[in-house]
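User: Could you walk me through how to read the features of a protein model? I would like the general idea, then the case at hand.

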Amino acid sequence: MKPGFNVPRYVQDGIRKAAGSLQFSAHHTVDYDFRSFSTSACVAVIYQITLREEPREVTLLCKVPPADADDTVLALFEREVFVYQQLLPTFVQFQQEHDILPSAEEYVYGPACYHGHFNFQRREGLLILEDVGRRLFGNRNKFEPIDYDSGRLAMVQLGRFHAVSLALKEQHPELFARFQQLEDVSRDQVANMEGFRDTMNTSFDQAIDTLNIHETAKKEKLTKLKDSFVEELKIIADSELSEPFCVVCHGDFSASNLMYSYNSGFPNRLIMLDWQLAKYGSPALDFLHFMFLSTDESFRRNHYDNMLQTYHNALRDHLERLGGDHATERFPLTTMMRLIKTQAKYAVTVAVLHVPLMMAIGGEAAGEENGEEGRGNGQENLGTR
């Protein structure tokens, strides 16, 4: 146990409940591993626990808000607890109605959750999650551009995930209604954060500087968007613009929030992590977020159309499996293309924000190659994806 760190009572209670759900008796023991513990400003702190009772041993992850969490961070944590306790179990149950069992791993979208707790007044939050690394899921190297096979699998899983929203909304609107209330939990708070506009203005300036001197039209468009990006993002976030095709979006669908398992060196399963930004909105938001945060220019030039088609094929096929007749007519590819066009300014803004991050990667990667310890291990940093 990390010196000076006491496990709060509500966390201990949650661990006992998780142990009970896993059929451990009251005689089990708990070992804590705080090597990933950090007090840095972050969205969540994650540490490992191991439940033991002969002959069993189960390793889980405890996720809690940082001790100095402000209201925005707590709101983000509350959203993730809601996803694990309400959204994902509803999706699993709905798929089971259509003979898609939880054992079919390709239709599982997040880690198993054994306990969730949130109390804003007490500033308490807790998630006890499966350690998917024990099932040989792993993160990709964040300094390497996404490869075709990993990108394709991401599009397949995203298409299936969005299809569940569309089918559930059509077949059980009373169940889906609560998910339609999932507004962007951080949009206004982040836009009003001290220094955010300055950071974005700097990012726009850096993006403009990367253009060639003759690309005047592009420079003019970026300059115009620079002056109005906050207002534009609020307009784009209006789900009414994309109805009746809105879905529950992951909200931060990028390679850094995905874990892959492999078969003979090729990715064959995918799990989504970090659901704090989940929201109800256009399916184009997740697609564009991935394409402009997880791929490079060469990938988009060579594979963009294929990724879009792969996403749409997966969505269509899963819609049909979930009981949707004439899925192609209900959600044609041309509709997705129209939604993407509507959200084009979102893609540009995401890409612009990514410029300083990419410029920093060279130094960060060099630091890792020189043997420096990575910072932020085991935590999720707000605004650094």
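Analyst: Happy to. Helices (H or I, at least four residues) and strands (E, at least two) are DSSP runs, numbered from the N terminus. With that naming, Pro-244 sits in the loop between α8 (229-236) and β6 (247-249). A word on ground rules: residues are numbered from 1 along each chain as its sequence is written, and side-chain values use heavy atoms, with hydrogens and water left out. This is a predicted model, in which local features need pLDDT of at least 70 and side-chain atom pairs count only at pLDDT 80 or more, while totals for chains, interfaces and linings use all residues.

User: How many helices and strands does the chain have?

Analyst: The chain has 13 helices and 10 strands. Of its 385 residues, 48% are buried; here buried means under 20% relative accessible area, exposed over 50%, and partly exposed in between (1.4 Å probe, protein chains only). Contacts tell you about the fold too, where contact means heavy atoms within 4.5 Å. Among contacts between residues at least 6 apart in sequence, 74% join residues at least 24 apart.

User: How should I read the packing of two helices?

Analyst: Two packed helices are described by the angle between their axes and the distance between the axes. The axes are lines fitted to C-alpha atoms, for helices over the stretch in contact, and angles run from 0 to 180 degrees between N-to-C directions. Take helix α9 (residues 283-293) and helix α10 (residues 297-321): their axes come within 11 Å and cross at roughly 150°. Angles under 35 degrees count as roughly parallel, over 145 as roughly antiparallel, 65 to 115 as roughly perpendicular and the rest as oblique. So α9 and α10 are roughly antiparallel to each other.

User: Which residues of α9 and α10 meet?

Analyst: From α9 come Pro-283, Phe-287, Leu-288, Met-291 and Phe-292, and from α10 come Phe-299, Arg-300, Tyr-304, Met-307, Leu-308 and Tyr-311. By class, the contact of α9 with α10 has 10 nonpolar residues, no polar ones and 1 charged. In this scheme Ala, Val, Leu, Ile, Met, Phe, Trp, Tyr, Cys and Pro count as nonpolar, Asp, Glu, Lys and Arg as charged, and the others, Gly among them, as polar.

User: At what angle do α10 and α12 cross?

Analyst: The axes of α10 and helix α12 (residues 333-342) come within 10 Å and cross at roughly 120°. That angle makes α10 oblique to α12. On the α10 side, the contact uses Tyr-304, Leu-308, Gln-309, Tyr-311 and His-312, and on the α12 side Leu-333, Met-336, Met-337 and Ile-340. The contact of α10 with α12 divides into 7 nonpolar, 2 polar and no charged residues.

User: Is Thr-310 buried or exposed?

Analyst: Thr-310, which lies in helix α10, counts as buried at 9% relative accessibility. Leaving out residues up to four places away in sequence, Thr-310 touches Arg-152, Met-155 and Val-156.

User: Now charged pairs, please. How many salt bridges does the count come to?

Analyst: The rule is a side-chain nitrogen of Lys or Arg within 4 Å of a carboxyl oxygen of Asp or Glu, and the count comes to 16 salt bridges. One of them joins Asp-131 and Arg-134 (3.7 Å, N to O). Asp-131 is buried at 13% relative accessible area, whereas Arg-134 is exposed at 54%. Asp-147 and Arg-140 form a salt bridge as well (3.4 Å, N to O). In that pair, Asp-147 is partly exposed at 31% and Arg-140 is buried at 15%. Salt bridges with shared partners also link Glu-105, Glu-106, Glu-130, Arg-135 and Arg-269 into one network.

User: What about the backbone?

Analyst: Most residues other than glycine have a negative phi, and most peptide bonds are trans. Here the peptide bond from Glu-243 to Pro-244 is cis, with omega near 10°. The bond from Glu-54 to Pro-55 is also cis, with omega near 5°, and Pro-55 lies in the loop between β2 (44-53) and β3 (56-64).

User: Where is Asp-99?

Analyst: Asp-99 is in the loop between α2 (71-97) and β4 (113-119). Although not a glycine, Asp-99 has a positive phi of about 65°, and Asp-99 is exposed, with a relative accessible area of 65%.
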